[in-house]
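Work through these exercises with the sequence and the model side by side. Try each task before you read its solution.

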Amino acid sequence: MDCLFCNIIAGEIPSKKLYEDEKILAFYDIAPIAPVHFLVIPKEHIQSVDEITPENSAILSYIFEKIGFLAEKAGIEGGYRVISNCGANAGQTVPHLHFHLLGNKEMNWNC
């Protein structure tokens, strides 16, 4: 399988890391749409929200337990948005579960 995010996790493609541990990687988006825009991905390859199962669902809790810490570490103030696109029609361009965090910008439904 040739997965962009798996290659980033393996260190084969560089990224600007915000945080990394044995379960997840957080790195800044290469095309940010907010002053702070980073992604959080599980190191285990899960294609999308549709692929979450009882066997792998614990990683979601772990990610969401870390999100507040990551937002603070990135300097987000005043709130943030968490987005996960599922499938091509929703705008998922990398088939690896990931969450975008956007902050330091007042947002409406268009951003």
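Predicted model: local features only at pLDDT ≥ 70, side-chain atom pairs only at ≥ 80, totals over all residues.

**Exercise 1. Charges over rings**

Task: Over which ring does the charged end of Lys16 sit?

Solution. 
- Step 1. Start with the rule: a charge sits over a ring if NZ of Lys or CZ of Arg is within 6 Å of the ring centre and within 35 degrees of the ring normal.
- Step 2. The charged end of Lys16 sits over the ring of Tyr28, 4.9 Å from its centre.

Residues are numbered from 1 along each chain as its sequence is written, and side-chain values use heavy atoms, with hydrogens and water left out.

**Exercise 2. The sheet**

Task: In what order do the five strands of the open sheet lie? Which strands stand at the edges?

Solution. 
- Step 1. Helices (H or I, at least four residues) and strands (E, at least two) are DSSP runs, numbered from the N terminus. Two strands pair if DSSP finds at least two bridges between them.
- Step 2. Read the order: S1-S2-S3-S5-S4, with antiparallel pairing.
- Step 3. Find the edges. S1 (17-20) and S4 (80-83) each have a single partner strand, so one side of each is left without a neighbour in the sheet.
- Step 4. Check the pairs. S2 (residues 24-28) and S3 (residues 36-42) share five bridges. S3 and S5 also pair over five bridges. Four bridges join S4 to S5.
- Step 5. Name some partners. Tyr28 is bridged to Phe38 in S3. Leu102 in S5 is the bridge partner of His37, and Leu102 is also the bridge partner of Arg81.

**Exercise 3. Strand S5 and what follows**

Task: Is Leu101 buried or exposed? Which way do the residues of S5 point?

Solution. 
- Step 1. Use the cut-offs: buried means under 20% relative accessible area, exposed over 50%, partly exposed in between (1.4 Å probe, protein chains only).
- Step 2. Leu101 lies in S5 (residues 99-103). Its relative accessibility is 0%, so Leu101 counts as buried.
- Step 3. Look at the whole strand. Five of the five residues of S5 are buried. Phe99, Leu101 and Gly103 point one way, while His100 and Leu102 point the other way.
- Step 4. List contacts (heavy atoms within 4.5 Å). Leaving out residues up to four places away in sequence, Leu101 touches several residues, including Val36, Phe38, Ile67 and Val82.
- Step 5. Asn104 is in the segment after S5. Asn104 has a positive phi of about 60° although it is not a glycine. With a relative accessible area of 32%, Asn104 is partly exposed.

**Exercise 4. Aromatic pairs**

Task: How many aromatic pairs does a search of the whole structure find? Describe two of them.

Solution. 
- Step 1. Apply the test: rings of Phe, Tyr and Trp (its six-membered ring) pair if their centres lie within 6.5 Å; planes under 30 degrees apart count as stacked, over 60 as edge-to-face and the rest as tilted.
- Step 2. The search finds four pairs.
- Step 3. Phe5 and Phe27 are edge-to-face, at 5.6 Å centre to centre and 75° between the planes. Phe5 is in helix H1 (residues 4-9) and Phe27 in strand S2, 22 residues apart. Both are buried.
- Step 4. Tyr19 and Phe69 are edge-to-face too, at 5.6 Å and 80°. Tyr19 lies in S1 and Phe69 in helix H2 (residues 58-73), so this pair ties together parts 50 residues apart in sequence.
- Step 5. Compare burial. Tyr19 counts as buried at 16%. Phe69 is partly exposed at 43%.

**Exercise 5. A side chain in a loop**

Task: Which backbone atoms lie by the polar side-chain atoms of Gln92?

Solution. 
- Step 1. Gln92 is in the loop between S4 and S5. At 13% relative accessibility, Gln92 counts as buried.
- Step 2. The backbone oxygen of Gln47 lies 2.9 Å from a polar atom of the Gln92 side chain.
- Step 3. The backbone nitrogen of Gly87 lies 2.8 Å from a polar atom of that side chain.

Definitions and conventions. Polar contact = N/O pair within 3.5 Å; in protein donor to acceptor, adjacent residues only side chain to side chain.
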